[in-house]
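Please read them with the structure open.

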Amino acid sequence: MQINKSKALFEKAQNYIPGGVNSPVRAFRAVGGNPIFIEKADGAHIFDADGNSYFELINSWGPMILGHNHPMIKEAVIKAMENGTSFGAPTAREVEIAELITKMVPSVEKVRMVNSGTEATMSAIRVARGFTGKDKFIKMEGHYHGHGDSFLIAAGSGAMTMGNPDSPGVTKGTAKDTLIAPYNDLEAIEELIKVNKNEIAALILEPVPGNMGLVTPKPGYLEGLRKICDKEGIILIFDEVMTGFRLAKGGAQELFGVTPDMTTLGKIIGGGMPVGAYGGKKEIMEFVSPAGPVYQAGTLSGNPIAMAAGLTMLQYLDTHDEVYTRLNQIGDKLVSGIKTSLEKLGLNYTVNHLGSMYSLFFTDKEIFDFASAKQADTALFGKYFQAMLHRGVYLAPSQFESLFLSTALTDEYISQIVQANEASLKEILS
Ligand code: PLP
């Protein structure tokens, strides 16, 4: 495989862009090698600047649930552009998408559109604090909620520790209000609440985390969180930026039958355009400006082009249940192919899978939280990533990411990916 143009672009990019990329994971630092610069994408494939094509298992980190460059989304965007690209004033489409989101997502009675998942989570926490009059919130170890200051907090030395800034620039003052707990551990939450009695505004989590690789909730875990939050008057926030409109039409909350007080959304909601949203119970959302005192705004929020793409995507998902049936079939077929190969090769690596999301962890240990995820062999993952890339399969360039499948994957494509996976495993272990 020849990637001379990608190499030249990356060299040049490093002169002008920090690390040569506009989002760190794109630099391939976790897997080595030169990042691939993308020229275009279509259906199940992306094409790089050197003309190589790859099967795509990231799908822009989730949004492209129907595959790339879907004609329906493309048409909606082109049509919207004919009327101008931004007004900074309300439009009918914003009302329509808000109504549809409240219909699709069980917890959302009112919703505010923003421009990214980061904005959605930052705003949701501000509203939860404003509503409860409390400062602290609980976040799970290994969960990612964007790059807002109060979310960039490491676990410290254990569940009971106050957060320490994870990144220079995040002040200790900010970090002290972020309490860290391990995922899938209800006792740890109860302990944390005991120590911080009546000081906690919210508990935010990815109900099905994808940012430490895919990890699924233990039976009763989400229900347990709901009960604890009800008892303690804590606002339960599901960050469904990844899982919203993916694991089910109404996200993980619909799939598991647990309704949070607030939900943050992103990715699929914009059909590939920069969109996020946060919503929840009416009485909480009435705290958002101008209805209430909590300020949050955006020049490009509800942008007409982004709303056209998002609305078209959501309307399609809302009226085509077969999308979810097919996504589950695709996930099952691919993961069962991978598991068969692992068995054949005498490997007992862990595969976590739910619907159209999965992760192959290079460890034989069960992965149920951040500490267990960190046991995976990241060096071996790096070799696997490169071996797959050279066989034309573009994976997320880190062990600690979920993969996202799209309906553009045909059975034939899945068989080819399974073959590439088996050949790659053989190569890296020989
Ligand atoms: N929340 C979750 C669960 C995410 O996975 C992400 C991004 O991957 C975010 C929030 C932040 O979204 P964005 O990158 O659009 O700011």
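1. Domain bounds here come from an automatic or database domain assignment. On that basis the protein, a predicted model, is divided into domain 1 (4-69 + 321-429) and domain 2 (71-319). The centres of the two domains, taken over C-alpha atoms, are separated by 25 Å.

2. Where the domains meet, 28 residues of domain 1 are in contact with 27 residues of domain 2. On the domain 1 side, the elements giving two or more residues are α11 (322-344), β13 (350-354), β14 (357-361) and α12 (370-373). Strand β14 has the largest share of that side, with four residues. By class, the domain 1 side divides into 16 nonpolar, ten polar and two charged residues.

3. The largest nonpolar core has 127 residues, and those touching the most other members are Ala-128, Phe-137, Ala-202, Leu-203, Ile-235, Ile-237 and Ala-277. Helix α10 (residues 304-319) gives the most to this core, nine residues. Because domain 1 and domain 2 both give residues to the core, it lies between them.

4. Leu-203 deserves a separate look. Apart from neighbours within four places in sequence, Leu-203 is in contact with Phe-137, Ile-138, Leu-225, Cys-229, Ile-234, Leu-236 and Ile-237.

5. Which residues come nearest to the ligand? Of the 15 around it, they are Ser-116, Gly-117, Thr-118, Gly-146 and Val-241. Helix α4 (residues 117-132) gives the most to this shell, with three residues. The shell has nine polar, four nonpolar and two charged residues.

Methods:
Residues are numbered from 1 along each chain as its sequence is written. This is a predicted model: local features need pLDDT of at least 70, side-chain atom pairs count only at pLDDT 80 or more; totals for chains, interfaces and linings use all residues. A residue is near a molecule or strand if its C-beta atom, placed from the backbone, lies within 6 Å of it. Ala, Val, Leu, Ile, Met, Phe, Trp, Tyr, Cys and Pro count as nonpolar, Asp, Glu, Lys and Arg as charged, and the others, Gly among them, as polar. A nonpolar core is a set of buried Ala, Val, Leu, Ile, Met, Phe, Trp, Tyr and Cys residues joined through C-beta atoms within 7 Å. A residue is buried if 20 or more other C-beta atoms lie within 10 Å of its own, exposed if 12 or fewer, and partly exposed in between; C-beta atoms are placed from the backbone. Two residues are in contact if their C-beta atoms, placed from the backbone, lie within 7 Å.
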